Amino acid sequence: MAGPQDLVVSVSFPFGRYAATPWYRSRREHVGNVEWPPSPWRIVRALVCSAHRLGDDGLVEEAVALVRRLACVEPRYLLPPAREVVYAQWMPQLEYDDAPGATQRSENGHTLLAIDPDRELLVRWPGLALDESERHLLARLLEATPFLGQSVAVSYLRLRESWPALRWDEGEAVPRAAEGELAGQGGDRVVVRLLAPEPTVTRADLEVSTADGLVKAMPAPPGARWVEYVRRTPPRRRPRKLDPLVSTIVHRLEGALRPAVAGPSHPEAGRPGPRGLPPLAELLRRACGYLPSCVEVIPADDDLDGRAERLVIRLADPIPISRASTLLAPRERLLGPSIDCALRLERVHWATDATDAPGEGSSDVIRERLIVFRVESLRPPPLTEALSVCEIYRRRMLGVAGRRLGADAIPPLLSGKRYAGDPVEDDHRHAHVLVSSRDGRTIDTLAVWCPAGLGPEETAIVRATTLPPLLGAPVALVETDEDPFSGPARRFCSHTPFLPVRHPKRRGDRLRDAVEEQVATELVRRGLPSPARVSRLPGPWETFRIVRLAKKGCFPELGAHGFDIDLPEPVQGPIAIGRNSHFGMGLFLPTT
């Protein structure tokens, strides 16, 4: 993964071929001796050559200074798929006249690499930050470089802004000292030696001619050194996907005689014995013909009518999907005393790293980022109680999720916690509850915003959540298409107060972690551009409730603040930052 300070150069081969003879090989030793990847020495010499073609000695000196900067870092390579092609080349026989008019020839094998013209070779110098003039010079030299290696290797070189994710059929090459960067990658590895320039390389060293046989016979040219690289070759075939592991299966129960759920109306439900019902696990075993050991079968009562609408099958030890076929599609109905219903598969949870909700990576699932409701009430709650309203809504939303899926299966995108109970570390990509007011006094809009996107299960839970009566009056939530949160816009103003996340500190004559600085930092952490201006916005921020009912550690002594922010370019909202931003605080609305 490339960082913001990395220098990345891409090389494409429009004719689909690359040929280059390593330093220690003769021009007559072509077969199987292609230098791959191109050595750093070859790349920097090509840059100096382009400088000679473009300008005078001044430009060449600038190119040499740039080469010295590049020589301070050993580059990494991302290698496109390449295959060797050997073809015959007719050359004069060594024992006969080698003059241009010679008539007797002998066949000499030659090797080049065939590369897809649409794929790129990427070279990255980690941590090498060039200034604007150096980047401009490098881009100019790259554009003027017609080929790398032999003249048949016509190339197109340019600067890149990013280092893409590795594809299964791409290889890598890193210095041997950094071999740990290849950890966990499949394929074969070989050690290759590549020439790299010394940081003290001179112009004379870079301009040395290889026509002199004595120079070519040197262990390394002046101003260069050998660096051992580990080159990883990808597997020839796409890695076969392993059977995904199933951890939880959720079935919808269809029929009038659904299992009773333990409660006031059925206190003995689910208990073995003369008064109770047989365990659901035993009935499920009969319906499926198979049930793994260490399984928990949980009935979920969605509408609190005393009978289950869903059956959650939780496996302590996840099993491959090939072994779960009868669990996914039971052969029989669920039959027992006072039970007769069919099971229809509704959802499968996969045994993955559960920082996200199960199934989030599915590309065929439509995910919603923002669901907006209009708040209708004879006594709408005041905007100053935004934190309390959002906290009540979220608590009721998790209650709906717990009744539908079980208390241990609440989706992390709604709860902000993994299934094990520890907080997720997802850069605030789980659900936020937001409220807004058109008149600035009473709440008239409520929204659930999830940057990672909510799947069908989560959106159904959000839409099934209601608010209790507030201020003695019922509250209705009506879904609407109106969106006061998103923009896009370049200017955003505080709608609810920004709550700082750190204590400002004075270090000498400088105030560190000032509230304005924290606003800019929080914006950048959420993937937004650094603001061009952050200015104080007066308002009744001190009248807002800023301490949660269920969590007292909110540092009220840091105060509540409002700001007007200008961004360098239009961005898409919503923007909610700072402490308690998942409960309606720190909301910025777009302004014209």
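Start by selecting Asp 513: at 11% relative accessibility it counts as buried (buried means under 20% relative accessible area, exposed over 50%, partly exposed in between, with a 1.4 Å probe and protein chains only). Its phi is near 60°, a positive value in a residue other than glycine. You'll find Asp 513 in the loop between β22 (510–512) and α11 (515–525); helices (H or I, at least four residues) and strands (E, at least two) are DSSP runs, numbered from the N terminus.

Before you click on, note that this is a predicted model, where local features need pLDDT of at least 70 and side-chain atom pairs count only at pLDDT 80 or more, while totals for chains, interfaces and linings use all residues. Residues are numbered from 1 along each chain as its sequence is written, and side-chain values use heavy atoms, with hydrogens and water left out.

Next, pick Ser 338, in the loop between β14 (334–336) and β15 (339–350). Ser 338 isn't a glycine, yet it has a positive phi of about 65°.

Now for two cis peptide bonds. Select Gly 487 and Pro 488, joined by a cis bond with omega about 5°; Pro 488 lies in the loop between β19 (476–479) and β20 (489–494). Then jump to Gly 573 and Pro 574, whose peptide bond is cis too, with omega near -5°. Pro 574 lies in the loop between β24 (563–571) and β25 (575–576).

Time for a pair of helices: show α1 (residues 40–54) and α3 (residues 132–143). Their axes come within 9 Å and cross at roughly 85° (axes are lines fitted to C-alpha atoms, for helices over the stretch in contact, and angles run from 0 to 180 degrees between N-to-C directions). The two are therefore roughly perpendicular, a label for angles of 65 to 115 degrees. Which residues of α1 meet α3? They are Leu 47, Ser 50, Ala 51 and Leu 54, facing Leu 138, Arg 140, Leu 141 and Leu 142 in α3 (contact means heavy atoms within 4.5 Å).

Last stop: rings with a charge over them. Select Arg 124, which lies over the face of Trp 163, at 4.8 Å from the ring centre. Then try Arg 548, over the face of Phe 583 at 4.0 Å from the ring centre. The rule here is NZ of Lys or CZ of Arg within 6 Å of the ring centre and within 35 degrees of the ring normal.

Technical notes: Angles under 35 degrees count as roughly parallel, over 145 as roughly antiparallel, 65 to 115 as roughly perpendicular and the rest as oblique.
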